Amino acid sequence: MAVARSVGKSVGARPMWIGGKRVVGSKDRVVDVLDPSTEEVIARVPDATPKEVGAAVAAARAAFPAWAATTPQERGRVLFRIAEKVRAEAAILAETESRNSGKPIVEAEFDINDVATCFEYYGGLATKVTGHVNPVPDNALSLSLKEPVGVAAQIIPWNYPLLMAAWKLAPALAAGCTCVLKPAEQTPLTALMLADWLPGLGVPDGVVNIITGFGETTGAALVNHPEVDKIAFTGSAAVGKIILRAAAEQIKRVTLELGGKSPNIFFADADFEAAIDGALFGVFINQGEVCSAGSRVLVQRKIYKHFVEAMTEKAKRIKLGPPLARATKMGPLVSKEQYDRVLGYQAIGKKEAKVAIGGGKATGMKKGYYVEPTIFYDVPNSARIAREEIFGPVASVIPFDDEKDAIAIANDTPYGLAAAVWSRDIYKALRMVKALRCGIVWVNHMQPTYVEAPWGGYKQSGFGRELGPWGIEEYLETKQVHINLNEAPIGWY
Ligand code: NDP
């Protein structure tokens, strides 16, 4: 949790977007937004008061009937225009995202492309939402109709800021919902840039509202607001539990995309070179700040020693550097809080297992929240570094004997977001796919994510699915309509 400080004149203050108006907020309630590679403040955003949260929800509520009544074709066209604008502004969006979150610019460019693709996908899907004719055993026409849920409160984390915003906004808008989005306190800038463009793209005032501030105050006020119909949350399991409790009070619809401790499982018959690459990519992409990070690297004993050596050797090539440098493969962590958290887990790991590489803060960087890519090996599955989500570039390598052993270790976690299996034996790979208790399983790859395919977890990784047709379903109610075709009294009495 960052500390609110008084606003200075030197740094750009970015207003919120409420009811089609820029809202600067109160000058003594501000959130500093940092560049984590320099630790300097690059912008300031308002820490929304409960009154401002209320205004955003009221704007979304007021805009709902008209937006829900637009044709799906009109909503689709709005989403296509947003996508086009994102593509046109991709360079500045990627640069802003990279500076603000610390992610390498090359990765930020992929993210922004995915943002546009997400709006395009749901622009197309808006006109494919259909109801159903139910085969009831009577002389009647029974229909199920799809209708938007209403006002959606959307709360997102800092690791993929604009992409998470797109995953939330695009399906909601396509469904006919109106939205109040709260980005993470650390990374609100690209969502606020998007807000600036919305009126020019034909998004009516109040349909999208972007509020900034701290989770415990602004976020909590939003989820507790009685005029919110649905909460879509991506973040930690700890906050997910708070949100679920709050939602229970008013029986609000909730979807939770939470954390993970995903196993990346390597059998001895896997393509060795591809496996080493896959192990590193699985856990070190985006500095390891990935909900589906393959942070438990399970390796069959027959190749274990060679695997740890090869992984360690290749990890030496990971280039740490300024996020905006194109050669950088790993930037700083997003914040001091996250930096301290990861350093803490590195210290714990040194007591629980053996260090193959890394294990501390990065040397040679004058400023910034840089940590070393770290590989621990001989990690017992009971170790904290094997059980708790670190959300940083820390791999825990765990040996296993056979398929049964791999399944037992892989599933022995409260989480169930993702897993990957590497093997040339398709029968074995498919048996593993069936046995793994999680929402996403990759075979001979880890991390590719497509808007066309469902995303979400089992167990404490949450519930509900984002992306694809599953994503829009979460913003739709189903209404049953019964039309009696008998032109006669019921005849009961
Ligand atoms: P947090 O759970 O700390 O925060 C997520 C969002 O919730 C932030 O916007 C935060 O606000 C807000 N928030 C915090 N407390 C409350 C509250 N009491 N009421 C309402 N909102 C609140 O997660 P992080 O931002 O640290 O993100 C990392 C986590 O997100 C990891 O656990 C990761 O696995 C998960 N994640 C899951 C994904 C998935 O698809 N399953 C994808 C990406 C991340 P603020 O930051 O402003 O305080």
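This is a predicted model: local features need pLDDT of at least 70, side-chain atom pairs count only at pLDDT 80 or more; totals for chains, interfaces and linings use all residues.
Residues are numbered from 1 along each chain as its sequence is written, and side-chain values use heavy atoms, with hydrogens and water left out.

Another cysteine, Cys118, counts as buried because its relative accessibility is 1%. A disulfide is a pair of cysteine sulfur atoms within 2.5 Å, and by this rule the count of disulfides is zero. Cys118 is accordingly in no disulfide, and the nearest cysteine sulfur, which belongs to Cys179, is 12 Å away.

We turn now to the ligand. A residue is near a molecule or strand if one of its heavy atoms lies within 4 Å of it, and of the 31 residues around the ligand, Lys182, Glu185, Ser236, Leu258 and Glu389 come nearest. The residues of this shell divide into 17 nonpolar, nine polar and five charged, where Ala, Val, Leu, Ile, Met, Phe, Trp, Tyr, Cys and Pro count as nonpolar, Asp, Glu, Lys and Arg as charged, and the others, Gly among them, as polar. Helices (H or I, at least four residues) and strands (E, at least two) are DSSP runs, numbered from the N terminus, and among those that each supply at least two residues of the shell are α7 (215-224), β10 (230-234) and α8 (237-250). The largest share, four residues, comes from α7.

A polar contact is a pair of N or O atoms within 3.5 Å; within protein, one must be able to donate a hydrogen and the other to accept it, and residues adjacent in sequence count only if both atoms are side-chain atoms. An oxygen atom of the ligand is 2.6 Å from an N or O atom in the side chain of Ser236, and a ligand oxygen atom is 3.0 Å from an N or O atom in the side chain of Trp455. The protein covers 91% of the 900 Å² of accessible area that the ligand has on its own, an area that comes from the Shrake-Rupley method with a 1.4 Å probe; for residues, only the protein chains shown count as cover.

Gln300 lies in strand β13 (residues 296-300) and counts as buried, because its relative accessibility is 8%. Its side chain reaches the backbone oxygen of Asp401 at 3.0 Å. Contact means heavy atoms within 4.5 Å, and, leaving aside neighbours within four places in sequence, Gln300 is in contact with Phe266, Phe267, Ala268, Phe400, Asp401 and Asp402.

Ser396 is in strand β16 (residues 394-400), and it counts as buried because its relative accessibility is 0%. Leu34, in strand β3 (residues 30-35), is partly exposed, with a relative accessible area of 23%. Leu34 and Val53 are 19 residues apart in sequence, and their C-alpha atoms are 23 Å apart in space.

Notes:
Buried means under 20% relative accessible area, exposed over 50%, partly exposed in between (1.4 Å probe, protein chains only).
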